[in-house]
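Subject: Model handover and notes

Hello,

Here is the model for your files. My notes follow below it.

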Amino acid sequence: MTDSALKPYLVVADDDRTRRDGVIEELRSRYGGDYELHACAADRLTHALEELRAAGATVAVVLATCEGSAEHLAGVRRLFPTARRALLIPWLGWANPETAELVLRAMARGWIDLYVLQPGRRPDEIFHRTITELLQESARLRGEGPAGATVVADTRSVRAHELRSTLSGLGIPHRVRPGDEGAPPAVTLADGSVLIDPSPGELARALGFPTEIEPHDADVVVIGAGPAGLGAAVYAASEGLRTTVIDSGAVGGQAGSSSLIRNYLGFPRGLGGGELAQRAYQQAWLFGTRFRLTERVVALERREGGLVVRCADGVEVTARAVVLALGVEYRRLEVPGLVELEGAGVYYGAAISEARAVEGEEVYLVGGGNSAGQAALHLARYARRVTILVRGDTLASSMSQYLIDALDETPNIDVRFHASVVGAAGEGRLESLELEREGARETVAAAALFVLIGARPLTDWLPEEIERDEWGYVVTGPNKETTMPGVFAAGDVTSRSVKRVASAVGAGALAISGVHAYLAEEATPRPARS
Ligand SMILES: Cc1cc2nc3c(=O)[nH]c(=O)nc-3n(C[C@H](O)[C@H](O)[C@H](O)COP(=O)(O)OP(=O)(O)OC[C@H]3O[C@@H](n4cnc5c(N)ncnc54)[C@H](O)[C@@H]3O)c2cc1C
């Protein structure tokens, strides 16, 4: 049973006492066992939250009615960065121009995470579904809930980072606790079994993920389990093709490292990239897709029996068609001292698994794109300060306006223009960075540096026959076909792709329609030559 002293709070702010009591009652009836409830008037919200914070309480969700409360919600994040915040609006409230304008403004400025319809006739399951999701998200941000694994290692070591990244990629909620000095890193699983210094493959295998596969024939092999590969797999398997997916990591690709995807159709509040990846993985698996994770594909060639895909360990899978969904890899920052500190304070990509490890620390981030903006907002929940270093003099050309607005509204995020990292130092872990700005250099203390400066495709291993553009991206035709018959490509790895989750998923589906057309043509007997 939850210790009542540690129960997180649900807070409701509303000047209308009767309505407020109604919401509190509705919440108490469902969540009273696990959560404390607190009600206050709109203009008392900040004060009430300050008192809760001073008392060491945790706040999971704050709900406030539109009248006079929206601005007060703006301050919640500063006091309780992991609390979810929603505006309560009445049924049909969205049709009222003033309410609609308020909701849009509060969303755009990052004051709220969502709007919620005031509870109606009991039991109001629509209201509760939203509240439950908000509670679940808050628990996830706090790193609470059932842990599938515990990493026992020097919490700031490279190995701890690698183990955490593998677990995040596999969608396994986990905790980290310091190990005994000199002891090798280990992972304890929920069933009590202990893995000493496991490789990604060993870890994935122990957690029940498919990491091995015997040589077999498939209709289509998809290389890469990011959005494009998972999109292709769901469509291929659901349309009756024997489908195998192979990925050198876990599932989700780059999308798996996104803390919150806001622009994917059908998820108005956004959803974590890891969750999207896990849902898609289950969907593809339920349609009968075979997966092999943590194994790199190193060769592709045509032989007598079809296309042959070879994995690094020599296992071969023969396919009638292949979809390349290889995505891209982060570009490295060529600066002295960084290579030695990679994984020990220097991270490429959003590295959301590291966010809680930078609690209360000074964090720097290099990059001016949407992924950098998103990562900064996520890190700012935990870090004392996040400083974004941008080479140019504006973010407007590279970042969506909603993210620029949200950065402006977050007090512990700074953006420094015309700035770059020119050096890094630390004993076994990043301690300081040397920055350059308009010719002047300074050394700053830094616990972490996140680098998100674009990416490049890893396509060198593909056969010559597959045409690539000058940057190595695969050139495709209207049906996503490459210049090698039977081989298709989708997502970020393709030339001139849009670099979005939705377009990668769509391209994966399109590639499968190309596969169908190709297989149909292959099966049609050709007229005999006279
Ligand atoms: C931090 C971050 C945040 C983002 N946020 C958003 C967002 O909010 N909205 C949005 O629309 N887009 C977002 N994006 C962009 C989006 O994630 C990508 O456009 C999308 O993931 C591309 O999908 P993909 O399947 O083509 O490639 P990827 O996601 O890169 O997946 C490629 C997969 O292929 C595997 N692979 C590569 N080579 C091999 C090989 N030889 N053998 C086996 N496997 C291999 C990799 O391990 C990887 O899993 C974000 C990106 C990042 C990095």
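A polar contact here is a pair of N or O atoms within 3.5 Å; within protein, one atom must be able to donate a hydrogen and the other to accept it, and residues adjacent in sequence count only if both atoms are side-chain atoms. This is a predicted model, so to speak of local features pLDDT must be at least 70, side-chain atom pairs count only at pLDDT 80 or more, and totals for chains, interfaces and linings use all residues. Residues are numbered from 1 along each chain as its sequence is written, and side-chain values use heavy atoms, with hydrogens and water left out.

**Ligand site**

The side chain of Gln254 puts an N or O atom 2.8 Å from an oxygen atom of the ligand. Asn263 also uses its side chain: an N or O atom there is 2.9 Å from a nitrogen atom of the ligand. Ser248 uses its backbone instead, with an N or O atom 3.0 Å from a ligand nitrogen. On its own the ligand has 990 Å² of accessible area, and the protein covers 93% of this. Accessible areas come from the Shrake-Rupley method with a 1.4 Å probe; for residues, only the protein chains shown count as cover.

The shell around the ligand has 37 residues. A residue is near a molecule or strand if one of its heavy atoms lies within 4 Å of it. Asp247, Gln254, Tyr330, Gln374 and Asp492 come nearest. By class, the shell holds 17 nonpolar, 14 polar and six charged residues. Nonpolar covers Ala, Val, Leu, Ile, Met, Phe, Trp, Tyr, Cys and Pro; charged covers Asp, Glu, Lys and Arg; the others, Gly among them, are polar.

**Cavity and pocket**

Both terms refer to a 1 Å grid over the protein atoms alone. A cavity is a set of points where a 1.4 Å probe fits but cannot get out; a pocket is an open set with protein on both sides within 12 Å along at least five of seven lines; lining residues have an atom within 4 Å of a point. Grid points are joined across faces, edges and corners, and a volume is the space filled by probe spheres set on the points.

How many cavities of 30 Å³ or more are there? The count is one. The largest cavity holds about 50 Å³ of space. Its lining consists of Thr155, Arg156, Ser157, His161, Arg164, Tyr347, Glu354, Ala357 and Arg429. Of these lining residues, two are nonpolar, three polar and four charged.

The second largest pocket holds about 1,100 Å³. It is lined by 50 residues, and Arg77, Pro81, Thr82, Leu377 and Arg381 lie nearest its centre. Elements that give two or more residues to this lining include helix H4 (76–79), helix H5 (97–108) and helix H12 (401–408). Helices (H or I, at least four residues) and strands (E, at least two) are DSSP runs, numbered from the N terminus. The lining of this pocket has 21 nonpolar, twelve polar and 17 charged residues.

Buried means under 20% relative accessible area, exposed over 50%, and partly exposed in between (1.4 Å probe, protein chains only).

- Thr494 sits in the loop between strand S26 (487–489) and helix H13. Thr494 is buried, at 2% relative accessible area. A polar atom of its side chain lies 2.7 Å from the backbone oxygen of Gly491.
- Thr99 is in helix H5. Thr99 is buried, at 11%. Its C-alpha atom is 7.7 Å from that of Ile89, ten residues apart along the chain.
- Thr410 is in the loop between H12 and strand S20 (413–416). Thr410 is buried, at 8%.

**Backbone geometry**

Most residues other than glycine have a negative phi, and most peptide bonds are trans.

- Arg122 and Pro123 are joined by a cis peptide bond, with omega about -10°. Pro123 lies in the loop between strand S5 (114–117) and H6.
- Asp197 has a positive phi, near 45°. Asp197 is in the loop between strand S9 (194–196) and helix H8 (200–206), and is partly exposed at 36% relative accessible area.
- Thr294 also has a positive phi, near 55°. Thr294 lies in the loop between strands S12 (290–292) and S13 (297–303), and counts as buried at 17%.

Best wishes
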